[in-house]
Amino acid sequence: MTERTARPAPAAEAPHRPAALPTSVLQPLGRLRADWPRTFADRLTAPLPGVRALARLAREGAVRPRPEGLRDVPLLPFEPGPLPPAGPGTVAVTWAGHASWIVRVGGLTVLTDPVWSRRIFGTPARLTPVGVRWEDVPPVDAVVISHNHFDHLDAPTLRRLPRATPVLVPAGLGRWFLRRGFTRVTELDWWEAAELDGVRFDFVPAHHWSKRTLLDTCRSLWGGWVLTDTAGHRVYFAGDTGYGHWFAEIGRRHPGIDLALLPIGAYAPRWWLSDVHTDPEEAVRAHQDLGARRMAPMHWATFVLSSEPVLEPLTRVRAAWTHAGLPREHLWDLPVGGSRVLVP
């Protein structure tokens with residue numbers, strides 16, 4: 001059903017032409033600011049739902065799949081395997097589930113939105129176990145966070161990390177990490193970047209929002225990350241996002257994306273979630289807008305956050321990929337726990 005674990009890229013894909021440098025503004029690692037705006041609400045692509053929308057959602061109760069939509073839970077792809085070897089020149093990804101990836105790039109091991117907890121606030125327990133046991137995760141060189149929602153910013157998981165781990169976060173989120181003892185925190189605005197041991201981390205826009213408590217709506221920023229090694233290999237992690245104009249702009253500023261990690265789940269009902277979560281067809285369009293060569297779907301098969309049937313994101317993204325006439329081998333529809341190697 002899915003790509004197997006740790007399969008190297010075909011030999012024909014090995015040559016790579018380094019792309020032009022991004023146009024983001026480079027900031028020093030460890031940069032924190034005390035003068036961020038009080039709110040980032042002006043960055044919203046669409047207004048947040050109001051009282052009428054909340055009342056409709058409560059009336060319809062369309063926040064979980066129907067029983068028939070949960071019947072395929074045993075079929076969700078879960079194939080944990082050993083992480084592939086990764087030297088300084090390797091680019092490899094392993095999907096731990098939801099938006100959590102182990103990205104090996106430029107000799108670094110980078111975690112994206114690490115959530116190893118069985119349960120997060122406000123949702124049922126995981127549908128599938130974490131794809132990589134925590135004790136099997138290599139020493140972590142850096143963590144990138146897309147935004148502060150509980151399914152992307154998990155305090156129990158982050159407590160497992162050494163407090164000296166470099167953490168790169170959206171503007172306004174640095175104090176959250178400082179309060180928890182992290183000592184190497186870098187805050188970035190959209191189109192800003194920082195470098196760590198030769199790997200460049202560019203923070204880019206997303207069509208989303210932020211909120212963690214009743215009083216902090218849009219008090220910190222949200223976005224995705226482009227990771228680039230010294231050879232010009234480039235991995236884009238979208239975080240959490242709806243579909244919109246930012247994808248084409250990200251592709252223009254960061255040409256030559258080798259792999260786009262894009263969300264395909266938590267999209268129903270569309271009237272409620274279309275502004276903040278791409279559906280599978282939109283994810284394929286976003287991949288094309290980015291000009292990326294390969295796409296790896298994420299943000300599905302892990303937590304029940306919406307009402308679509310649990311296996312539907314995979315079947316729809318495969319159909320959309322085929323309909324778009326894209327090479328099947330460039331859709332890395334990994335199982336939870338699966339790995340692929342971009343550059344051996």
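Tutor: The protein has 344 residues, for which a compact globule would have a radius of gyration near 20 Å; its own value is 19 Å, which agrees. That radius is taken over C-alpha atoms, and the globule rule is 2.2 Å times the number of residues to the power 0.38. This is a predicted model, in which local features need pLDDT of at least 70 and side-chain atom pairs count only at pLDDT 80 or more, while totals for chains, interfaces and linings use all residues. Residues are numbered from 1 along each chain as its sequence is written, and side-chain values use heavy atoms, with hydrogens and water left out.

Along the principal axes, the C-alpha atoms fill a box of roughly 55 × 50 × 40 Å. The protein contains seven helices and 15 strands; these are DSSP runs numbered from the N terminus, with helices (H or I) of at least four residues and strands (E) of at least two. Of the 344 residues, 58% are buried, where buried means under 20% relative accessible area, exposed over 50%, and partly exposed in between (1.4 Å probe, protein chains only).

The part to look at is strand S14, residues 294-298. Five of its five residues are buried, so S14 is largely enclosed by the rest of the structure. In a regular strand the side chains alternate between the two faces of the sheet. Here Arg294, Ala296 and Met298 point one way, and Met295 and Pro297 point the other way.

The partner of S14 is strand S13 (residues 259-263), which runs parallel to it and is joined to it by five bridges; two strands pair if DSSP finds at least two bridges between them. Within this pairing, Leu261 stands opposite Ala296 of S14.

S13 also meets helix H4: the buried residues of H4 pack against S13, as well as strands S10 (199-204), S11 (224-228) and S12 (234-237) and helix H6 (280-290). Contact here means heavy atoms within 4.5 Å. H4 covers residues 246-253, and its buried residues are Trp246, Phe247, Glu249, Ile250 and Gly251.

A cis peptide bond, with omega about 5 degrees, joins Ala268 and Pro269. Most residues other than glycine have a negative phi, and most peptide bonds are trans.
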